[in-house]
Amino acid sequence: MPISNFINAGDLIRFLPEIILSVAGTLLMVLDPLVNRRSSNLFGTLSLLALIGALFGSVAAYAQAGPAFGGMLSVDGFATFFRMLVIVVGILTVLPSYRFLARQDAETGEYHALLLYSIAGQCVMVSANDLIMIFIGLEISSISSYVLAGYLRDDKRANEAALKYFLLGSFATGFFLYGVALIYGATGTVNLTLARAAITGANSPSPVFIGVAAALMFVGLGFKVSAWPFQMWAPDVYQGAPTPVTAFLSTGPKAATFAIFLRIFMTAFEPIGNGWEPLVWICALLSMTIGNFAALLQSNVKRLLAYSSIAHAGYVLVALTARSDVGTAAAMFYLAAYAFMNIGAFAVISHISGKGERYQNLEDFAGLAQKQPMTAALLTIFLLSLIGVPLTGGFFGKFYIFKAALESHLVWLTVLGLLNSAVAAYYYLRILVMMYMHEPSEAASGAEPLTVGLKAALILPALGTLILGIFPSWVLDFAGKSSSLLK
Amino acid sequence: MTQVPISWFLTLSAVLFALGVAGFLFRRSIITVFMSIELMLNAVNLSFVTFAYEYKQVNGHLFTFFVMVVAAAEAAVGLAIILTVFKNRATLNIDDMDSMKD
């Protein structure tokens with residue numbers, strides 16, 4: 001058979017973002033030894049261009065929406081939403097990385113190449129409709145991010161972060177993969193649509209088999225999104241990794257993993273929903289509670305945001321528990337809002353922390369409002385959005401999630417979730433009080449003035465947060481339109 | 001000639017996987033922990049091959065190749081990370097990796 005039976009032009013267009021990102025990543029790797037390292041903002045600029053190209057690529061792919069490569073990919077609205085989200089996360093990560101890498105005297109070529117590969121992997125994940133493709137995308141994304149977490153290789157904390165991320169990430173992969181094997185064994189296919197047909201069909205396999213497979217996949221994905229009881233790696237990894245990388249890890253891979261979480265559990269495992277709903281209910285509640293209460297005790301701001309990101313994973317799980325298209329759309333909106341506000345907050349931390357990332361404590365933010373009013377104001381927007389104050393993306397994110405939960409009659413989960421948000425307000429407000437009501441600290445006084453790149457890195461996520469808070473329907477309409485997945 | 005039943009292979013695969021999980025949770029040397037992860041992945045490979053044989057499909061065999069490639073990439077990155085950890089700390093005991101606890 002000629003090869004055109006398998007690959008045609010339409011398939012390649014549907015695969016365009018991944019092609020652009022991996023070609024650009026490889027190009028950076030080749031250029032890296034040829035260019036004078038110290039001089040260059042070149043790699044950052046090239047990767048920005050590649051990411052913008054990939055953004056247009058995903059729009060072009062959506063114009064040709066449909067299955068690709070024999071149904072292994074499904075380029076639908078859902079995939080396009082998450083592709084654009086992870087690419088925007090990439091852009092917002094590259095911007096603060098310029099200054100960060102220069103300050104740590106780190107090499108730039110490999111950093112940007114790995115970032116592009118990781119994003120390419122996430123694009124594969126979110127558009128895959130086949131468990132093996134999901135697995136491969138997950139691993140492309142994970143393996144690059146293990147290296148990124150330990151990118152400052154002489155830093156003991158970064159080493160430890162990379163090691164923990166690597167060991168627990170691979171452990172989780174093992175569980176996920178065993179789940180895939182059992183699905184293959186039970187249904188004879190790894191395609192999600194066909195697997196669903198087999199599970200609901202006349203000769204449906206034993207529910208115990210499917211249940212075990214679902215549980216194994218839940219463990220694997222639960223680790224990756226740092227949901228309770230698999231959250232223990234997150235604080236150490238997020239604290240030890242270089243700050244722009246932490247910003248990336250807590251948003252990009254997390255959004256992509258939630259995307260496959262939704263796709264797998266809302267398509268193939270939807271018929272056994274009554275079985276997994278109570279489990280996800282408990283995980284959602286305990287992720288929120290444990291994340292928020294542990295965050296109350298932290299003095300290191302990166303660690304505090306790490307615990308808060310566990311809590312935020314809990315909120316998204318509430319949307320999954322709702323088991324409806326409204327819930328899926330709410331989760332999509334929330335992940336977008338969370339990406340903007342969290343990357344922004346981490347970009348401010350990366351700016352304050354200085355050479356060698358010395359200043360990460362709560363006290364180091366004291367008096368920031370006097371020394372750098374603009375930085376303080378932007379951090380205020382991000383923190384208010386993390387709390388969920390109206391006019392910010394975080395507010396509508398929480399609002400839609402709890403609305404979806406109520407529509408699915410999850411009254412108790414909603415009540416407990418709202419109480420949790422109130423607890424969370426306390427530790428975010430502590431940072432605000434520190435910034436506005438204390439005398440300037442050494443770190444706040446010594447912070448370098450904002451460069452153009454850093455300004456862009458802080459203002460863009462702030463704009464994103466505000467736009468999602470003032471015109472939520474722009475994003476929500478698209479999310480609502482694309483939330484009914486291929487079944 | 002009598003054949004070994006399919007269920008034996010699946011049981012073996014489950015036992016190997018469980019051993020891998022136990023090794024991951026209870027061993028204290030990073031290298032052994034890493035080997036336990038490899039054992040888990042290979043246990044899954046055995047399941048894939050068994051199911052492929054049962055269904056008389058070639059897909060399952062192909063999946064094992066994907067898993068092997070991924071495991072190799074993971075090993076390359078993992079060993080590099082373990083090496084940098086050893087260079088900075090001169091220990092490979094999991095319990096010593098606690099520089100960030102408050």
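This is a predicted model: local features need pLDDT of at least 70, side-chain atom pairs count only at pLDDT 80 or more; totals for chains, interfaces and linings use all residues.
1. Is helix 6 of chain A buried or exposed? Of its 19 residues, 19 are buried, so the helix is largely enclosed by the rest of the structure. The cut-off behind that word is 20 or more other C-beta atoms within 10 Å of a residue's own.

2. Now to the place where the chains meet. Chain A brings 29 residues into contact with 30 residues of chain B. On chain A's side, helix 6 (131-149), helix 7 (156-187) and helix 10 (233-240) each supply at least two residues. Helix 7 of chain A gives the most, with 17 residues. Sorted by class, chain A's side of the contact holds 14 nonpolar, eight polar and seven charged residues.

3. Within chain A, have a look at helix 4 (residues 77-103) and helix 5 (residues 109-127). Their axes are 9 Å apart and the packing angle is about 165 degrees. Angles over 145 degrees count as roughly antiparallel, and helix 4 and helix 5 of chain A are therefore roughly antiparallel to each other. Their crossing is right-handed.

4. Which residues make that contact? From helix 4 of chain A they include Phe82(A), Val86(A), Gly90(A), Val94(A) and Leu101(A), and from helix 5 of chain A they include Tyr111(A), Leu115(A), Ile119(A) and Val126(A). By class, the contact of helix 4 with helix 5 of chain A divides into eleven nonpolar, six polar and one charged.

5. Leaving out residues up to four places away in sequence, Gly90(A) touches Leu51(A), Leu115(A), Ile119(A) and Gly252(A). By contrast, the C-alpha atoms of Gly90(A) and Asp130(A) are separated by 25 Å, the two residues being 40 apart along the chain.

6. Helix 4 of chain A has another partner in helix 22 (residues 472-482) of chain A. Here the axes come within 8 Å and cross at roughly 140 degrees, which makes helix 4 of chain A oblique to helix 22 of chain A. Gly77(A), Phe78(A) and Phe81(A) of helix 4 meet Phe478(A), Ala479(A), Lys481(A) and Ser482(A) of helix 22. That contact has four nonpolar, two polar and one charged residues.

7. Some backbone details deserve a check in your viewer. Where is there a cis peptide bond? Trp228(A) and Pro229(A) are joined by one, with omega about 0 degrees. Pro229(A) belongs to the loop between helix 9 (207-224) and helix 10 of chain A.

8. Next, positive phi values in residues other than glycine. His409(A) has phi near 65 degrees and is found in the loop between helix 18 (393-407) and helix 19 (411-437) of chain A. With 10 C-beta neighbours inside 10 Å, His409(A) counts as exposed. In chain B, Ala90(B) has phi near 55 degrees and lies in the segment after helix 3 (59-89). Ala90(B) is exposed as well, with 8 other C-beta atoms within 10 Å.

Definitions and conventions: Residues are numbered from 1 along each chain as its sequence is written. Chains are lettered from A and ligands numbered from 1 in the order in which they are written. Two residues are in contact if their C-beta atoms, placed from the backbone, lie within 7 Å. Helices (H or I, at least four residues) and strands (E, at least two) are DSSP runs, numbered from the N terminus. Ala, Val, Leu, Ile, Met, Phe, Trp, Tyr, Cys and Pro count as nonpolar, Asp, Glu, Lys and Arg as charged, and the others, Gly among them, as polar. Axes are lines fitted to C-alpha atoms, for helices over the stretch in contact, and angles run from 0 to 180 degrees between N-to-C directions. Angles under 35 degrees count as roughly parallel, over 145 as roughly antiparallel, 65 to 115 as roughly perpendicular and the rest as oblique. A crossing is left-handed if the near helix is turned anticlockwise from the far one by less than a right angle, and right-handed if clockwise. A residue is buried if 20 or more other C-beta atoms lie within 10 Å of its own, exposed if 12 or fewer, and partly exposed in between; C-beta atoms are placed from the backbone.
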